[in-house]
Structure formats: structure tokens, C-alpha cells
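Subject: Handing over the structure

Hello,

Here is the structure for you to take over. Please open it first, then read the notes below.

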Amino acid sequence: MVEGWRNGFREATNSKPLFVTIYATVIIGVLVSSFYVFSAVYSPTNGSTSWLSSPPLSSNTLSLPSMHFTVVANAAGRIHKLSQENATSQSLPVALPPPPPEEEAQGKSSLGKIWVSPPKDKKMPPLEAFKLTKELFGERVKDNVIIVTFGNYAFMDFILTWVKHLTDLDLSNILVGAMDTKLLEALYWKGVPVFDMGSHMSTVDVGWGSPTFHKMGREKVILIDSVLPFGYELLMCDTDVVWLKNPLPYLARYPDADLVTVHSSFSWTLKVSGAYNIGIFHWRPTESAKKLAKEWKDILIADDKVWDQNGFNEIVRRQLGPSVDGDSGLFYAYDGNLKVGILPASIFCSGHTYFVQAMYQQLRLEPYALHTTFQYAGTEGKRHRLREGMVFFDPPEYYDAPGGFISFKPSIPKSMLLDGNHTIESHFTLANHQMKQIRSALAIASLLNRTLVMPPIWCRLDRLWFGHPGTLEGSMTRQPFICPLDHVFEVNIMLKEMPEEEFGPGIGIREYSFLDNPSLPKQVKESWLDVQLCQGCEASNITSSSGALKFPKRSNEDTFKAIFSTFNDVKVIKFSSVEDAFTGFSDKGREERFRRRVMRYVGIWCCEENKTPGHIYYDMYWDEKPGWKPVPPQTPEEDHPPL
């Protein structure tokens, strides 16, 4: 390992000073991390990890103790407490407050008001008025730059989040391409700058990889090819991109680039080779860029089976190199004339470098953008990850659900997190221990008709689409780590409506950071009941002087209903633990329906190396199967979710 760092420093000193700084930061982070984990193991506390009780990242300029920054921000345990005890000025991304009232809100730029609805008595202009033209784009351009995204009505909440972040950054040179008239009309009446892409797209979520999904990709390329001849610089991005910092000054560092894009890399080092991601890229209206856009468009139109990103990579990578010069960071590509720059994955983050590696935290950098790639569970998984990061714009009613909420403090022995090697067996031991508690919490939430705030989930291994040794080589993933919910649970299934007669009543969920979100309203924050489980105590609805309620372990359905029906007006009920809290539903039919529902909530871990198949199914009721072991399916007949 020492020789590896020595070689790294030798390479760094022969390149740019920036990398020397980054290498030094990584080494210091590793040393501090080791000290922190050591102190956590040997601190004079009981066997459970009380330092796991808070989510890792509170958005809204959260202050963290500087000496623990690279550790605490990722490890999560003491952030809430330490930020009060020893605050510094270190800032993290800011959560979204609700947008200002539409009749008052406006962009700060002189280019025009955003978030200001047209008068209700005004008739909407004809569709022709929203046609893509140079004049329409010219109304929004500033310093010859326009920032554009596009989508259909199914992604309207993502689009509103995209717009809200940019306007919060005082950027108003933005436009949204509407792929259906329902979205166009909705955005117009919300005061969001919009134009008609003429796509006649469906208004529903088309699903990744579907023919309609590929059509959306082609429409993006057609849009780029149409806009570049206008002579404007185009920052094109997908709707699942969140802007955390104004990117335009950073992009100005590449004044000679024809194209600046991001790399589908798990590493913090800049790479010329490998695949480029087309979710964020900045085009300048040069002849080389226009030539590339036209050829890319022609390839996709000629073959509707070509994925837009694959087509882009194929033609850009026809020629890679040489470098334009020693200082600009640009290289030649495509036809040998196109000058390309690569944005660093540490601050223009993918879903992996942001949520799994927390790379920007480890390197003490301020991220510019977050793109929800490398995630699971489809659109619902993307939305949930952004909610976990507290950067998604939700309406006020999301934060005050009917029936209220329950949450609980997970109990995890430190030995499960830290002892032994990080193996498939130790990972599943940790995951299953948490899953059993979540199963109990889901049952209590269903019984009390409340929405469950999911706990942070700790993992010892990463999840990918292919075999790997636990983490990716070259990544900065630290083990253990708080993994996104979609690493273990099928978020899309959890949020899906199921027939109640077969699966019982639906159970609402919220992200683990929900109760720390600044958007949580006052009436929820101030309506709180702490529940402490006790052994052998009597059930009572009388709280202590501190406001806590003691509640007996192994209580049945009748006891839960009798006690907690007196607290129906309380918004949040927080259990100190849910281990051995609930003995089960008294109605066996309801118990069976609940089991059918929640056994579908868990997904797979992927994947064991050199095995086909290499994935392993999580099992919500693993503890009821003697001798259960985490192994891939041994036959095709076994390759299905547990029943």
C-alpha cells in the first residue's frame, strides 16, 4: 500500500499541483478515518451504535466540526449533535425551501420573471408562440449562454426542482423543452420559461431502455443540432440533474473547448478514455461542434436501436488525443479538430460519486452538480435519492402526511459494522439485521396508519450490475457506508399501488433524512412523541415529565391500538427501538397480506465475481428459514425473488 501511495505521488508531482493537493487530502482523510473508526469501536459506550442515529447529510448550509469533516459527513452518526456543539463555517449543499409565492416570486435577472404566473384571466398564447426559434432562445440568453433541459409531463417535479435550483443560484438564462402539451401548459401557468419541442410524446414515465426512452434521446440530439446554428453556447442537461453551484464560471475555464462533458467514471482522476455521460455537457457553436451534432443526429435517425449515449461515444472516440496543449486540460477527439474538456467527477457528481463514495466530502470540495446515475428502481429510485440528499422540491403536503409519521432508532452492534473482513457474508449479516427491524417498523406503521420514516441503511459492500470484489477499484468508497435505499429495497415497489385485498393497506414511506429537512413545517417539528420500549412495564398512555412514553415490549395489536389511539393528533412518533416491539397482527388474514406485500419490498445484491448468475436475493423473512445463506441461485428454477 505504501508503494502505491509513493507511485501516486510520483505521478502527481509530474502532473498538476491540484492533484498533489488531492492526493494529500485523500491520505489525511484515510488516516483520520482510521482514527475515527478506532475511537468509535473502543469508546466507552454500550454495544450498539448510538452514533448512527442521525442521517449523514443535512442540506441547508450544515456546519460540521472541521476535525471530523471527512469522516462524520459520510459516517453520519454525530452530525446533528456535533453541528450544535462545535460549529464551523464549512458549508454543504442547501436544501430547497418551497418556491416563493407565484404572484411575488421573480428571477433577479433583468431577462424576465420566473415563477410568476400569467394573469389567470389571460388566455394562453397559441402553440405556435412556443415554437423553437432563435428569437425565443434569444429572449433568455445571457452572455451568449443558454441552459436547457427537456422532458415530458411525467418528469414535471424533476423539472421544477431543476428550475428552482438554478433560480436560487441567480441564473435566469434557462429554458425547458416540453415534449408534450400537458407539460408545456403546466409550466407556462407556473411562470417557467418553456418551448415546444414538437415531440408529441406520451405524458407518462416511459421507462429506461424502452423504445420511447430512445426516442427521447433522439429528440435531445435533434434539439442540440437545431440550437447550435443560432450561435449560442448551450449547457444541455437531463432533468434528473440538480445544480448546487453556478457552473458557468467553471465552464469558462475552458474558453477554447468546443465541447465539455462528464465522464462515466467512479474515480476522481480525470480520464480521456472510457465512456462519456451525456447528461451534462456544454456545447460551443463552433464548426467542429456543429459537425459532431449533425453526424450524431444522422446516426440516431438512421437506426432507432442506437442508444444516444452509445452513439455519442462511438463517434467522439474515433480519435482521442493528443492533448491540445499542456495547460488547458483539453484534448482532440472525433475528427481530430474537436477540442474536448472533461469535468471532474468529484464536483460534477454521478449518483455513485455523490451518494455512495461521498467523494466531494472526502476531498473537501463543493459540488456543482448531481446527476442521479448509477441507481436502481427507475424514476422512483432517482426521486428518492434526491430526497435523501434533501435537494428535491416537494409540495408542502409531502411534509405533513395524513395520519402522521413514525420513525425509529436502529440498533446495530458495532461488531456488525467493523469486525472482520468486508465479505458477502458480513454484508448480509448487517443488512439482514437492519431488515428485520424495518419489517417490524413497517408492521407498526401499517397498524397505526402512519407513514414510516426509513432509517439510514448501512452496507459493507457496494451494489453494481456486474461482479466485483465489494467496491470498485479506483473508487473512494469507504466501508461500511450508508447506502441509498435502492441498494437493498425496491423503492419503486414500495411506492407502487397494490390491490389491498391481496396485499393489505399501503404503507407510506419517507427518506431517512426527512425529519432533518428544513422544509419540514413547524406544526410537524413541534408535535413529537418519544416512545421508549421497556421490559415488564405496564402499558399506559401517561407520559413522563420529559414527555416520553414507556411502552412494553412484545405488545399485541390491541395494546398498540389502545395506547396510540390517544396520540392520533401527534405528528411524529419516534420509537427508541422496534426490536421485539410487536408480536404480530391478530387477524391472520391481515398478517398474510402484510407478508405478501413486504416480501416484495426487497431487491438483490449484485454481484459475486466469476459467478453466473452472481446476484443474491435479499429475503425479508430470512430469519424464518433455518440455515439461510447468501448465495446466488444454483439453478434457473431458483432464480426468482423469495416466496
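Start with one definition: a residue is buried when its relative accessible area is under 20%, exposed when that area is over 50%, and partly exposed in between, with a 1.4 Å probe and protein chains only. Helices (H or I, at least four residues) and strands (E, at least two) are DSSP runs, numbered from the N terminus.

This is a predicted model: local features need pLDDT of at least 70, side-chain atom pairs count only at pLDDT 80 or more, and totals for chains, interfaces and linings use all residues. Residues are numbered from 1 along each chain as its sequence is written, and side-chain values use heavy atoms, with hydrogens and water left out.

**Strand S1 and its sheet**

Begin at strand S1, residues 145-151. Seven of its seven residues are buried. Val-145, Ile-147, Thr-149 and Gly-151 point one way. Ile-146, Val-148 and Phe-150 point the other way. Both sets are buried.

Two strands pair if DSSP finds at least two bridges between them. S1 pairs with strand S4 (residues 233-237) in the parallel sense, over four bridges. It also pairs with strand S2 (residues 174-178), again parallel, over five bridges. Val-148 has a partner in each: Met-236 in S4 and Leu-175 in S2.

S1, H6 and S2 form a right-handed β-α-β unit. Right-handed means that, with the strands pointing away from the viewer, the path from the first strand over the helix to the second runs clockwise.

What is the order of the open sheet of nine strands? It runs S3-S2-S1-S4-S7-S6-S10-S9-S8, with mixed pairing. Strand S3 (194-196) and strand S8 (320-323) are the edges, and each pairs on one side only. The twist averages 35 degrees from one strand to the next. For angles, axes are lines fitted to C-alpha atoms (for helices, over the stretch in contact), and values run from 0 to 180 degrees between N-to-C directions.

Helix H10 (residues 287-302) packs on this sheet. It touches strand S6 (259-263), strand S7 (276-283) and S10. Its direction makes about 140 degrees with that of S7. Contact here means heavy atoms within 4.5 Å. Helix H11 (residues 308-316) lies across S6, S7, S8 and S9, at about 70 degrees to S7.

Strand S9 (residues 331-333) runs antiparallel to strand S10 (residues 338-343), joined by three bridges. Phe-331 has Val-340 as its bridge partner in S10.

**Two buried residues to look at**

Lys-220 sits in helix H8, residues 211-227. Is it buried or exposed? Lys-220 is buried, at a relative accessible area of 3%. Leaving out residues up to four places away in sequence, Lys-220 touches Phe-150, Met-236, Asp-238, Ile-278 and Asp-308.

Ala-257 is in the loop between helix H9 (248-251) and S6. It is buried too, with a relative accessible area of 1%. Beyond four places in sequence, Ala-257 contacts Arg-284, Leu-330 and Lys-339. Ala-257 and Val-324 are 67 residues apart in sequence, yet 9.7 Å apart in space, C-alpha to C-alpha.

Six strands form an open sheet with parallel pairing, in the order S17-S14-S13-S20-S18-S19. Its edges are S17 and strand S19 (548-552), each pairing on one side only. Five bridges join strand S18 (residues 528-534) to S19. Cys-534 stands opposite Pro-552 there. Helix H20 (residues 557-564) packs on this sheet, touching S18, S19 and strand S20 (572-575). The direction of H20 makes about 165 degrees with that of S19.

**Two helices**

Helix H14 covers residues 378-388. Nine of its 11 residues are buried, so H14 is largely enclosed by the rest of the structure. The buried residues pack against several elements, including helix H6 (156-168), strand S5 (241-243) and helix H12 (351-355). Just after H14, Met-390 takes a positive phi of about 55 degrees.

In helix H21 (residues 588-598), the buried residues are Arg-590, Phe-594, Arg-597 and Val-598. They cover an arc of only 80 degrees around the axis, which puts them on the same side of H21. The arc is that of the directions from the helix axis to the C-beta atoms. Their cover includes helix H16 (424-448) and helix H18 (500-503).

Best wishes
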